[in-house]
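Work through the exercises below with the structure open. Try each task before you read its solution.

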Amino acid sequence: LMRLTDGVVMCLKPLYPLACSLLDRVMGLGLQPLQLVVSEVEGPKTYIPLHRSKLQSRIRLSCGIEVPANGSSVLRFPGFAEQVYRRGSCFWFDESYEHELLHSGGSRASLIL
């Protein structure tokens, strides 16, 4: 999806136009990403159990790239909140808070983390 060449982040736009557009927007804010990961979850159900980062205040931008119309992908923070993934929409969250992901639907979803 992206590579670092001589300290410059290069995104493979022909292969990942939406992901690269989101990366351009983030870098346009003056932020330098540490890494860019595309995660895919499969239908009919995928559950990623509760987990968290041991690093305090590690902030992550998470975006929905492909989210099926017949399904749902939800990042849940038990006892606090939940965030529904939508195609082309992003949100920030603090990874030091415990969270889990539940995906349901007939097809897979691709998410940028």
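One aromatic cluster is made up of F77, Y85, F91 and F93. The model is a predicted one.

**Exercise 1.** Find how many aromatic pairs the whole structure holds, then classify the pair of Y85 and F91.

Solution. 
- Step 1: A search of the whole structure gives four aromatic pairs.
- Step 2: Y85 and F91 lie 5.1 Å apart, centre to centre, with 55° between the planes.
- Step 3: Planes under 30 degrees apart count as stacked and over 60 as edge-to-face; the rest are tilted. The Y85 and F91 pair is therefore tilted.

**Exercise 2.** Decide whether Y85 and F91 are buried or exposed.

Solution. 
- Step 1: The cut-off for buried is under 20% relative accessible area.
- Step 2: Y85 has 4%, so Y85 is buried.
- Step 3: F91 has 10%, so F91 is buried.

**Exercise 3.** Classify the pair of F91 and F93.

Solution. 
- Step 1: The ring centres of F91 and F93 are 6.1 Å apart.
- Step 2: Their planes meet at 40°, so this pair is tilted.
- Step 3: Check the cover: F91 and F93 are both buried.

How values were computed
Residues numbered from 1 in each chain as written. Predicted model: local features only at pLDDT ≥ 70, side-chain atom pairs only at ≥ 80, totals over all residues. Heavy atoms only, no water. Phe/Tyr/Trp six-rings, centres within 6.5 Å; stacked < 30°, edge-to-face > 60°. Buried < 20%, exposed > 50% of the residue type's maximum accessible area, 1.4 Å probe, protein only.
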